[in-house]
Amino acid sequence: MGARAAGARPAAIEEASPRRTSARMFRAARARPRLASLATLLGYVALSALIFGRKALGDIDHTVVGFGAHPALYGRDQSAFVWFLAWGAHAAFHLQNPFVTHEVYAPGGYNLTWAASIIGPAVVLAPLTELWGPVVTYNVLAILAPAVAAWGAYLLCRELTARQSSAIAGGLLFGFGSYETGVTINHLNLALVALLPIAALLALRRARGRISRARFILALGLVLGAQLWISTETFASAVVFGALALLIALIAAGRAQRRTVVRTAYEAAAAVGVALVLGLPYLWYALTSASPLGNQAGLNAGADLANFLEPTRATWLHFGAARFVPNVPEDLAYIGPALLVVLILFLIEFRERRLARFLGLFLLVAAVLSLGGYLRLAGERTAIGLPWGIIGELPFISHALPGRFVVYVSLAAAVCVALWLDRPTWRSARWVAAGAVMVSLLPNLDSGLWATPVDRPPLLSSPALARYIPRGATVLALPFGAAGNSMYWQAQADFAFRLAGGYVGWALPREYQGLSILKELRGRPPGGELERRLCAFIALTHTSVVMLRRHTRGDWHAILRPLGVHPAIRGGFAIYDVDRSACATGAARS
């Protein structure tokens, strides 16, 4: 009996071994795509670091990715985003309300739900900010944004292609194309768009029956909810273009597929409901306060038609291109002749496929809507009205800038190129053409475009600061707002003082709107009734200290003469101790 048992044991082992081997092979087969996906992500991160971060990474806490209006100074929009990250960490660790701050625009403060305040990332990354500082957190996000956007597009393309290389190319075109390159310069909230292709991927998988209804609604709701906490503008446009995509899919679909599209649309609407529930705190603070944006609409902020074929400074192949709007980060529409030819070839070759018809129609609709309410050509506005002139009047979307809708053109174009590359015929020729497209869209490699030194006066992080600025005092930091670096100075001082002013975006709070003294505080030549207007501003804001960064342009001696005090010169600043009772009061408006 013992011999029999002993003889049976090897047989059992022999039978179990193939099962275990099969299980191992199955697990390995499932792991391979995940490893390939991870390797692709790491490759995108390395490429982004090489292009956008190679100079900032050398001095990561004293330099920021991108540039501002004054290259010698700290980038103006970057200073706002660095401040948002610092404020998110400060609010999280001090248990303060992250939506409303009284640290800027004293005494009334500012409702940050009406700014591009990236509250979600700021709170989530609070530990990193607390540990390494807001400049490091900003640089990490700015470098990761193109890479993760490319990876999201890669995952979407991988769902549709047989070859990984085709999907990698699609990811490159989205993550390192004109849109993402332009907004990476200094619009961090608009660069964080990796969730857009993920939302499209979820809808595609649901339409194919690869995920259940409950999982789709929950997953898409989480994705859209996260996007709301990153950028309400991108969230709103995603809902609009998602609805348009479903409508176009309904038109392009056959009779048998329309039922699936309608079902997906109903479920996507439920997912939007989930996203709104997740964003209730954010929406509550936004909708229960007056908007500082006023009647400002984005109808005239569309893309220039010429920009689709003419590059800007953000692109390597720019040939000294003209600027179509006041700053390069808004010149986002360039696709170039090479990509246009590939898209035409794709539409011709795939003309019998419903997916190609859907993509072609979506590309056309997205491009037309991105032109805004009126057609602009080579910088000149024409009298030709466009569809966004009607759509852009709708609530919650009227403040969106249609020129930024080219992100959807970029995503659809990336999918088209990936599908075209995936064809088995003429593969060498296809990849030569794709290479030409990528070269034509390559970001400008000039390191000066991707790094701006941070103005960090040592006094602001020194205990000596308390000798000149009492903790909690209201400070008028000059130059004012976007003309200076006051947002970073306050973050560097760990919110030791409040600001009479600041910069969280172009929209000023109501009590600051129309104040003519702001021109002088930005460094303009002094105008009439200067003493009355300056003293009225000091009284309005409860300013007790004025700190002027020395050696900045402007006739500051004349502008600040009404204060009647001699400044203390310390740490690169001229610091004025203001006696409000000695400063005449009066109306601040002229």
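Throughout these legends, a residue is called buried at under 20% relative accessible area, exposed at over 50%, and partly exposed in between, using a 1.4 Å probe and protein chains only. What you're looking at is a predicted model, where local features need pLDDT of at least 70, side-chain atom pairs count only at pLDDT 80 or more, and totals for chains, interfaces and linings use all residues. Residues are numbered from 1 along each chain as its sequence is written, and side-chain values use heavy atoms, leaving out hydrogens and water.

**View 1. Asp494 and His542 are two non-glycine residues with positive phi.** Asp494 has phi near 55 degrees and sits in the loop between H20 and strand E8 (498–499). With a relative accessibility of 43%, Asp494 is partly exposed. His542 has phi near 60 degrees, and its loop runs between helix H22 (530–541) and strand E9 (545–549). His542 is partly exposed as well, at 43% relative accessibility. Element names like these refer to DSSP runs numbered from the N terminus: helices are H or I with at least four residues, strands are E with at least two.

View 2. Pro107 belongs to the loop between strand E2 (100–101) and strand E3 (110–111). For Pro479, the loop is the one between strand E7 (474–478) and helix H20 (486–492).

**View 3. Strands E4 and E5 make a hairpin.** Strand E4 (residues 374–377) pairs with E5 in the antiparallel sense, over three bridges; pairing here takes at least two DSSP bridges between the strands. Look for Arg376, whose bridge partner in E5 is Arg381. Two residues separate the strands, and Ala378 in the turn has a positive phi of about 55 degrees.

**View 4. Glu267 forms salt bridges with Arg206 and with Arg213.** A salt bridge is a side-chain nitrogen of Lys or Arg within 4 Å of a carboxyl oxygen of Asp or Glu, and the structure holds 14 of them. Between Glu267 and Arg206, the closest N and O atoms are 2.7 Å apart. Glu267 is in helix H12 and Arg206 in helix H9, so this contact ties together parts 61 residues apart in sequence. Both Glu267 and Arg206 are buried. For Arg213 and Glu267, the closest N and O atoms are 3.0 Å apart. That pair also links distant parts of the chain, with Arg213 in helix H10 (residues 213–230) and Glu267 in helix H12, 54 residues apart. Glu267 counts as buried because its relative accessibility is 5%.

**View 5. Arg205 reaches Glu159 in another salt bridge.** The closest N and O atoms of this pair are 3.1 Å apart. Arg205 lies in helix H9 (residues 195–207) and Glu159 in helix H5 (residues 134–160), which puts the partners 46 residues apart. Glu159 is buried, at 10% relative accessible area, whereas Arg205 is partly exposed at 29%.

**View 6. Four arginines gather in a patch of positive charge on the surface.** They are Arg255, Arg258, Arg354 and Arg357. Helix H12 (255–278) and helix H15 (354–370) are the elements that give two or more residues to the positive patch. Arg357 is in helix H15 and is partly exposed, with a relative accessible area of 37%. Patch members have over 30% relative accessible area and no salt bridge, with like charges joined within 9 Å and nonpolar side chains (Val, Leu, Ile, Met, Phe, Trp, Tyr) within 5 Å. Lys and Arg count as positive, Asp and Glu as negative, while His and the chain ends are not counted. Each charge is placed at NZ of Lys, CZ of Arg, CG of Asp or CD of Glu.

**View 7. A nonpolar surface patch covers about 660 Å².** Its members are Leu247, Leu250, Ile251, Val262, Tyr266, Leu361 and Leu364. Helix H11 (232–252), H12 and H15 are the elements giving two or more residues to the nonpolar patch, and H11 gives the most, with three. Leu250 is found in helix H11 and is partly exposed, at 30% relative accessible area. Accessible areas come from the Shrake-Rupley method with a 1.4 Å probe, and for residues only the protein chains shown count as cover.
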